[in-house]
Amino acid sequence: MFIALLLPLSWLYCVIVQMRRWAYQHNWLTSVRLAIPVIVVGNLTVGGTGKTPLVLRLAARLRERGKTPAILTRGYGGAARKWPQVVRPNSDPAQVGDEPVLLARRSGCLVIAGPNRVAAGNLALQLGCDIVLTDDGLQHYRLARKVEIALIDGERGFGNGHCLPAGPLREPPRRLESVDLRLYHGGMQRQPQMHLIPSAAVNLRQPNLTRSLAEFRGQRVLAVAGIGYPARFFNSLIALGLDLELRPYPDHHRFTAADVAQWPPLPVLMTEKDAVKCAALAGANHWFVPVEAAVDAEFLAQFERLVFGNGEKNA
């Protein structure tokens, strides 16, 4: 019943986003083309689909091919007054956002945060990068792109199939017909596939201290996740035989000492994104679980053909 009340707003939302895209396609609104290639990694749904691990994997691939990529990201949740700005591994996530700091720590690339993707891209160009990856940005049509990649949640699909606010969609599903590459995260029924592979847990206080996840078996463990889809993280730990007490938080949750004080005296496993914000609050038995994106070889081959080929696209 509640969804039915939201449907008129959902229909209006769909009309507006499609008209906006049409305006960019027909040059009523102008896309800005950088002097370097732009690769957009995005999705159609709200909530976590695994874009950040995929961006890290693609950035590593580009570096292997001799490129100098920059990663552009929104900086969601950051309180900084000046954008865009370069994000460093020791940047304050409260100022620039949690995902940008994670990207800066893991990628070895220049990371630039800011809501204006064109300004961020121009800064990347000035700082010597020769290709741009955007973490999210499928709907940011002002920045022209060479390659569009849509990451699709293979488990949850498109939810109830409605656009915001009645459903999870940012754009109607037919938008996928125009992207260059589709990649499915989980679900197994569609190809090509991406999977997130967890590695050994890292201690928040002592980053050089690691433990295999198997060592946490046979005891109760508190699992903490403030990401778009906490169940994916929890299920990955359950699949490894861990006995969990679950503590989900909203995406981009700003953890406080009061949050940590409410956790029971158990070993704590959290996502790497959450660890960025919890390091200063962590106890001796608090750990995060890094993940790596594993993708099909054929997908990577198609990605390289598109990136190193000719031609660009607008919206």
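Start by selecting helix α2 (residues 51–64) together with helix α4 (residues 98–107). In this predicted model, the two pack at an angle of about 30°, with their axes 11 Å apart. Axes here are lines fitted to C-alpha atoms, for helices over the stretch in contact, and angles run from 0 to 180 degrees between N-to-C directions. Helices (H or I, at least four residues) and strands (E, at least two) are DSSP runs, numbered from the N terminus. The crossing of α2 and α4 is right-handed, that is, the near helix is turned clockwise from the far one by less than a right angle.

Now show the side chains. On α2, pick Thr 52, Val 55, Leu 56 and Arg 63; they meet Glu 99, Leu 102, Leu 103, Arg 106 and Ser 107 of α4, where contact means heavy atoms within 4.5 Å. By class, these residues are four nonpolar, two polar and three charged. Ala, Val, Leu, Ile, Met, Phe, Trp, Tyr, Cys and Pro count as nonpolar, Asp, Glu, Lys and Arg as charged, and the others, Gly among them, as polar.

Leu 54, Arg 57, Leu 58, Arg 61 and Leu 62 of α2 touch Phe 299, Leu 300, Phe 303, Glu 304 and Val 307 of α9. This contact has seven nonpolar, no polar and three charged residues.

Next, the largest nonpolar core: 33 residues, defined as buried Ala, Val, Leu, Ile, Met, Phe, Trp, Tyr and Cys joined through side-chain atoms within 4.5 Å. Buried means under 20% relative accessible area (1.4 Å probe, protein chains only). Ile 39, Leu 54, Leu 58, Leu 133, Ile 149 and Phe 299 touch the most other members. Helix α2 gives the largest share, six residues. Centre on Ile 39: beyond four places in sequence, its contacts include Leu 62, Ile 131, Leu 133, Ile 149 and Phe 303.

Last stop: Asn 203 in strand β9 (residues 201–203). Is Asn 203 buried or exposed? Asn 203 is buried, with a relative accessible area of 1%. The Asn 203 side chain reaches the backbone nitrogen of Gln 206 at 2.9 Å. Leaving aside neighbours within four places in sequence, Asn 203 is in contact with Leu 209, Ala 284, His 286 and Trp 287.

Residues are numbered from 1 along each chain as its sequence is written, and side-chain values use heavy atoms, with hydrogens and water left out. Local features need pLDDT of at least 70 and side-chain atom pairs count only at pLDDT 80 or more, while totals for chains, interfaces and linings use all residues.

Note on methods:
Buried < 20%, exposed > 50% of the residue type's maximum accessible area, 1.4 Å probe, protein only. Polar contact = N/O pair within 3.5 Å; in protein donor to acceptor, adjacent residues only side chain to side chain.
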